[in-house]
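Visitor: Hi, I'm new to this one and would like a walk through its side-chain contacts. Could you put it up on the screen?
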Amino acid sequence: MGFEQDTTTLVPPWLESMLKTPFFNVCRTHGDAARSECNMFCLDCNGDAFCFYCRSSRHKDHQVIQIRRSSYHDVVRVAEIQKVLDISGVQTYVINSARVLFLNERPQPKSGKGVAHICEICGRSLLDPFRFCSLGCKASTMEGMSRRSISSRQEEEEELREGSQQDMYPATLPPPPSNARRRKGIPHRAPFGS
């Protein structure tokens, strides 16, 4: 069920779906419950993300992976994903005492000169000598990953980059409203002493 570094290996049927799934929305069924974030993905059903309570009721005997968050990006624990997928070549990180990897590319300006290791797909600088910054970048090199999903992901990333540049250069503030509060009366200077 895994994939090798060889780019001719087929993608597991659930991988593309998992990489495109939005996580951390509130569950429609269990929205009032304490653990109602949809942060789980079923490899058997290959559908939408679901919450802790949905897992107990609908995915009890299925292979389920829990997605976590780090700096507003989706990550998965290496211990969970490596049971079902070959993750060799993907940069891993230690976050909250657990080794994790990012699901998808994170927008960043291309690496500058002097960077020793970069992702082969997106050019992101890497800490260690790995080939890919995320599972999504590795998956994009594999046979069976639809070209449409790769190009749509690249378009989304470009939009994110443009959005972050707009945040760096905020728009000029408009002039204050004309009915702004003014000082009472005319200011007078203190008389000069003689």
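This is a predicted model: local features need pLDDT of at least 70, side-chain atom pairs count only at pLDDT 80 or more; totals for chains, interfaces and linings use all residues.

Visitor: Okay, rings to begin with: how many aromatic pairs does a search of the whole structure find?
Guide: Searching the whole structure gives three aromatic pairs. One of them joins Phe23 and Phe41, whose ring centres are 6.5 Å apart and whose planes stand at 75 degrees, so this pair is edge-to-face.

Visitor: Why does that angle make it edge-to-face?
Guide: Planes over 60 degrees apart count as edge-to-face, and the planes of Phe23 and Phe41 are at 75 degrees, so the pair falls in that class.

Visitor: Which other rings pair up?
Guide: Tyr93 and Phe102 do, with centres 5.4 Å apart and planes at 80 degrees, so they too are edge-to-face. Both Tyr93 and Phe102 are buried.

Visitor: What lies over the face of Phe102?
Guide: Arg106 does, at 3.6 Å from the ring centre. In another such arrangement, Arg35 lies over the face of Phe52, at 3.8 Å from the ring centre.

Visitor: Switching topic, how many salt bridges are there?
Guide: The search of the whole structure finds five salt bridges. Among them is the one between the side chains of Glu16 and Lys20, at 3.9 Å from N to O.

Visitor: How far apart are Glu16 and Lys20 along the helix?
Guide: They are four residues apart in helix H1, which means about one helical turn separates them. Glu16 is buried, with a relative accessible area of 16%, whereas Lys20 counts as partly exposed at 44%.

Visitor: What does Glu80 pair with?
Guide: Glu80 forms a salt bridge with Arg68, and their closest N and O atoms are 3.8 Å apart. Glu80 lies in helix H3 (residues 78-81) and Arg68 in strand S2 (residues 64-70), so the bridge ties together parts that are twelve residues apart in sequence.

Visitor: And what about Arg69?
Guide: Arg69 forms a salt bridge with Asp74, with the closest N and O atoms 2.8 Å apart. Arg69 is partly exposed, at 42% relative accessible area, but Asp74 is buried, at 17%.

Conventions
Residues are numbered from 1 along each chain as its sequence is written. Side-chain values use heavy atoms; hydrogens and water are left out. Rings of Phe, Tyr and Trp (its six-membered ring) pair if their centres lie within 6.5 Å; planes under 30 degrees apart count as stacked, over 60 as edge-to-face and the rest as tilted. Buried means under 20% relative accessible area, exposed over 50%, partly exposed in between (1.4 Å probe, protein chains only). A charge sits over a ring if NZ of Lys or CZ of Arg is within 6 Å of the ring centre and within 35 degrees of the ring normal. A salt bridge is a side-chain nitrogen of Lys or Arg within 4 Å of a carboxyl oxygen of Asp or Glu. Helices (H or I, at least four residues) and strands (E, at least two) are DSSP runs, numbered from the N terminus.
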